[in-house]
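I opened the structure to look up its strands and its salt bridges. My notes follow in the order in which I made them.

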Amino acid sequence: MVGRWVRKPAVSQVLTHYLTLHNYPPWTAFYLRASQVEDDHKRRSHYNFPVSEIANYHVLRTKAFPLIKFHCSKRPYQDLRTEDRFFGLLKVSNLGIPCLVYGVAGLLWARHRELINVRGQQVELLFWYPEDKGSPH
């Protein structure tokens with residue numbers, strides 16, 4: 001829309017929509033363009049993400065400039081605070097250099113893309129390869 005400011009969908013909305021759309025897959029891994037979303041999961045690296053009463057996901061998240069990488073595994077709730085702090089410390093101690101490399105790799109190696117509509121906006125998810133949505137591995 002010209003002349004109107006449109007708020008980007010939040011990462012939590014994108015995750016919820018994608019996981020629900022694909023009927024709560026056992027796992028998934030993809031990148032989002034950081035410029036397409038509001039990152040309401042900033043400073044989080046490993047955490048629980050309840051999608052509904054049906055499913056909880058353990059999410060590994062890395063800001064991989066200019067992307068954000070997500071790996072989601074359907075698992076019961078677990079206290080992940082120690083792992084979250086550890087991964088955050090690792091990123092800081094490495095000055096974020098591996099995260100930048102991971103982002104460049106995502107741009108170069110993403111061969112599959114999916115568009116989803118979240119709150120009336122198209123969001124592009126990038127994958128290294130097409131996933132078998134029901135596969136446990």
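I started with strand β4, residues 67–74, and found it mostly covered, with 6 of its 8 residues buried. I note here that the model is a predicted one.

Next I looked up which strands pair with β4. I found β1 joined to β4 in the antiparallel sense over 7 bridges. In this pairing, L32 stands opposite I68 of β4.

I then turned to β3, which runs antiparallel to β4 and is joined to it by 8 bridges. I68 in β4 came up again, as the bridge partner of K63. Between β3 and β4 I found 2 residues, and the two strands form a hairpin.

**Salt bridges**

I asked how many salt bridges the structure holds. The count came to 4. As a reminder to myself, side chains of opposite charge can pair when their charged atoms come close.

I looked up E124 and R33. They form a salt bridge, and their closest N and O atoms are 3.1 Å apart. E124 lies in strand β6 (residues 121–127) and R33 in strand β1 (residues 27–33), so this pair ties together parts that are 91 residues apart in sequence.

I checked how covered the two residues are. E124 has a relative accessible area of 15% and is buried, because the cut-off for buried is under 20%. R33 has 25% relative accessibility and counts as partly exposed.

Which residue forms a further salt bridge with E124? I found R113, again with the closest N and O atoms 3.1 Å apart. R113 lies in strand β5 (residues 112–118) and E124 in strand β6, so the parts tied together here are 11 residues apart in sequence. R113 is partly exposed, with a relative accessible area of 39%.

**R61 and D39**

My last entry is on the side chains of R61 and D39, which meet in a salt bridge at 2.4 Å, N to O. R61 is in strand β3 (residues 56–64), while D39 is in the loop between β1 and β2 (46–50). The two are 22 residues apart, and the pair links distant parts of the chain.

Is R61 buried or exposed? R61 counts as buried, at 5% relative accessibility. D39 is buried too, with a relative accessible area of 14%.

Terms used:
Residues are numbered from 1 along each chain as its sequence is written. This is a predicted model: local features need pLDDT of at least 70, side-chain atom pairs count only at pLDDT 80 or more; totals for chains, interfaces and linings use all residues. Side-chain values use heavy atoms; hydrogens and water are left out. Helices (H or I, at least four residues) and strands (E, at least two) are DSSP runs, numbered from the N terminus. Buried means under 20% relative accessible area, exposed over 50%, partly exposed in between (1.4 Å probe, protein chains only). Two strands pair if DSSP finds at least two bridges between them.
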